[in-house]
Amino acid sequence: MKKTEKRRLSDIGQINLNVKDVQKAVTFYQEVLGLPLLFVMESMAFFNCNGVRLMLSIPENESFDHRGSVIYFKTDDIHKTYEQFKEDDVSFIDEPHMIANMGDHELWMCFFKDLDDNTLAIMSEISK
């Protein structure tokens, strides 16, 4: 590669979240959040998020044992998803709220915790 050429990142291929119990995490992500399970191994599980793999794993060692980044899951109806998740005892940090008025639509978000205290979010772009 020439010195002037730069590598460009594009699509996300996989996101990892640390968990304490893979089987409990699989139940939460599959049954409560409704994500399609790809496969499970002893210390990790993989889900399909519309072409991006979500990997839930027990950290290999101390250097990997930390909370991950916030993952934002798109939903067509944030209020309906919020109510459904509440019925499944999802631990919410806040309620759906508008983040930004984008002119022709509004950006709404709502944050919650998974079983291992990772912060996740649901988001919707609502047409006016």
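A residue is buried under 20% relative accessible area, exposed over 50%, and partly exposed in between. Keep those cut-offs in mind for this predicted model.

Start at the surface. L38, F39 and M41 form a nonpolar patch there. M41 sits in strand β2, residues 37-41. Its relative accessibility is 43%, so M41 counts as partly exposed.

Now step back to helix α1, which spans residues 22-32. D21 caps its N-terminal end. A side-chain oxygen of D21 lies 3.1 Å from the backbone nitrogen of Q23. After the helix comes G34, with a positive phi near 80°. Within α1, the buried residues are V22, A25, V26, F28, Y29 and V32. An α-helix has 3.6 residues a turn, so residues three or four places apart point the same way.

Next, the interior. In soluble globular proteins, nonpolar side chains tend to be buried together. The largest nonpolar core here has 26 residues. Y29, L33, L54 and F112 touch the most other members. Elements giving two or more residues to this core are α1, β3 (44-49), β4 (52-57), β5 (71-74), α2 (78-87), β8 (105-113) and β9 (119-127). The largest share, six residues, comes from α1.

What does F112 contact, leaving aside its neighbours within four places in sequence? Its partners include F28 and L33, F85, and a run of V90, S91, F92 and I93. N118, T119, L120, A121 and I122 are also in contact with F112.

Conventions:
Residues are numbered from 1 along each chain as its sequence is written. This is a predicted model: local features need pLDDT of at least 70, side-chain atom pairs count only at pLDDT 80 or more; totals for chains, interfaces and linings use all residues. Side-chain values use heavy atoms; hydrogens and water are left out. Buried means under 20% relative accessible area, exposed over 50%, partly exposed in between (1.4 Å probe, protein chains only). Helices (H or I, at least four residues) and strands (E, at least two) are DSSP runs, numbered from the N terminus. A polar contact is a pair of N or O atoms within 3.5 Å; within protein, one must be able to donate a hydrogen and the other to accept it, and residues adjacent in sequence count only if both atoms are side-chain atoms. Patches are made of residues with over 30% relative accessible area and no salt bridge: like charges are joined within 9 Å, nonpolar side chains (Val, Leu, Ile, Met, Phe, Trp, Tyr) within 5 Å. Accessible areas come from the Shrake-Rupley method with a 1.4 Å probe; for residues, only the protein chains shown count as cover. A salt bridge is a side-chain nitrogen of Lys or Arg within 4 Å of a carboxyl oxygen of Asp or Glu. A nonpolar core is a set of buried Ala, Val, Leu, Ile, Met, Phe, Trp, Tyr and Cys residues joined through side-chain atoms within 4.5 Å. Contact means heavy atoms within 4.5 Å.
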